[in-house]
Number of protein chains: 2
Amino acid sequence: MDAMNMLLERRSCRSYNPELIPQGVLDQILEAGKFAATGMGKQSPIMIAVTDKALRDRLAKLNAAIMGWDGDPFYGAPELVIVLADRSVPTYLYDGSLVMGNLMNAAYALGIGSCWIHRAKEEFDSEEGKALLKELGIEGDYEGIGHCILGYPEGPCRPAAPRKENYVYRI
Amino acid sequence: MDAMNMLLERRSCRSYNPELIPQGVLDQILEAGKFAATGMGKQSPIMIAVTDKALRDRLAKLNAAIMGWDGDPFYGAPELVIVLADRSVPTYLYDGSLVMGNLMNAAYALGIGSCWIHRAKEEFDSEEGKALLKELGIEGDYEGIGHCILGYPEGPCRPAAPRKENYVYRI
């Protein structure tokens, strides 16, 4: 796919079929995440790729509970990448966001639907979230940045809303 | 340029020649910024494209002063795009970062060097920064997210540092 087309046409996808994406495709998406820019090149983020259905469902429940809801905040997507970043690095929040951006853009380039699902901060600040990081052997002060849900889109994505008029100023 | 190549090969550029980039190329970069994902599609960021040398130099001075330095924090880049985002939108910081990511990626796809320069928050929280926004007719509670400096690279960029070993966890 052409790079500029990807940047202009990527859309958030809110409907998925339950089929997992091939591991090689997930690997390429993760690789793009690794090469996002980070402040001073410190690579403050980490990614957790979740393809295990039980964990995916546990995270969905935890995420929904933060909203006080019992639906599926992951829109039926079968898998996801959680991005967290090391709070001890001053640019961690920006760094983690750039990783999320590369994941979403790469997914689109490879024919995979994606969407940023928020509340990762609240999720991994909770006792259950902290316990999960510990289970994975992740030590350090990591803040949840976002969930990049992934899967094959069920039906076409909605077209982009018009951009606001005053997006750009020039001088 | 191929989309995946762009995501994997983009590098931050820290040496520029003083030639401005063509306006049509800047327009394409800004367009990519406009189409970054934003939380709930609220389009909380704005971009200020600065090609005016006097303002570019004024910003460089303000930015350097925050570090207590008198060099050029923009590495000689002749122009830049400042991204700010509306603090009243809960996802503003993540949204603005995704705009920055699209700007840097698009620049690379179009043969233009770029680098994220920080301290935009401190810059636009200062009285001088606030006055500048007022001069531009920008109202509202905007926080500086980053400066995307732009220009033709002077010499090749440094190759990417090796990625850290524990970037990705899988479950």
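Trainee: Which residue is the bridge partner of A:Ile48 in S5(B)?
Mentor: In this predicted model, strand S1(A) and strand S5(B), residues 168-170, pair in the parallel sense over 3 bridges. Along this pairing, A:Met47 stands opposite B:Val168. For A:Ile48, the bridge partner in S5(B) is B:Tyr169.

Trainee: At roughly what angle do the axes of H2(A) and H4(A) cross?
Mentor: H2(A) passes H4(A) in a right-handed crossing. The contact involves A:Gln28, A:Ile29, A:Ala32 and A:Gly33 of H2(A), and A:Val99, A:Asn102, A:Leu103, A:Ala106 and A:Ala107 of H4(A). By class, these residues divide into 6 nonpolar, 3 polar and no charged. The two axes come within 8 Å and cross at roughly 145°.

Trainee: Which element gives the most to the side of chain A that touches chain B?
Mentor: In the interface, 52 residues of chain A are in contact with 52 residues of chain B. Elements of chain A that each supply at least two residues are H1 (3-9), H2 (23-34), S1 (45-50), H4 (92-109) and S5 (168-170). The residues of this side divide into 32 nonpolar, 13 polar and 7 charged. The element that gives the most, with 10 residues, is H4(A).

Trainee: Why do the copies meet through the same surface?
Mentor: The comparison rests on the interface residues of chain A and those of chain B. The copies meet through the same surface because the share of interface residues of chain A that are also interface residues in chain B is 100%.

Trainee: Which residue of chain A has the C-alpha nearest the axis?
Mentor: Chain A can be laid on chain B with an RMSD of 0.0 Å by a turn of 180° and a shift of 0.0 Å along the axis. The two copies are therefore related as by a two-fold rotation axis. At 1.9 Å from this axis, the nearest C-alpha in chain A is that of A:Ala3.

Note on methods. Residues numbered from 1 in each chain as written. Chains lettered and ligands numbered in written order. Predicted model: local features only at pLDDT ≥ 70, side-chain atom pairs only at ≥ 80, totals over all residues. Contact = placed C-beta atoms within 7 Å. Helix = DSSP H or I, 4+ residues; strand = E, 2+ residues; numbered from the N terminus. Nonpolar A, V, L, I, M, F, W, Y, C, P; charged D, E, K, R; others polar. Pairing = 2+ DSSP bridges. Least-squares fit on C-alpha atoms with pLDDT ≥ 70 in both. Axes fitted to C-alpha atoms, helices over the stretch in contact; angles between N-to-C directions. Left-handed = near helix turned anticlockwise from the far one by under 90°.
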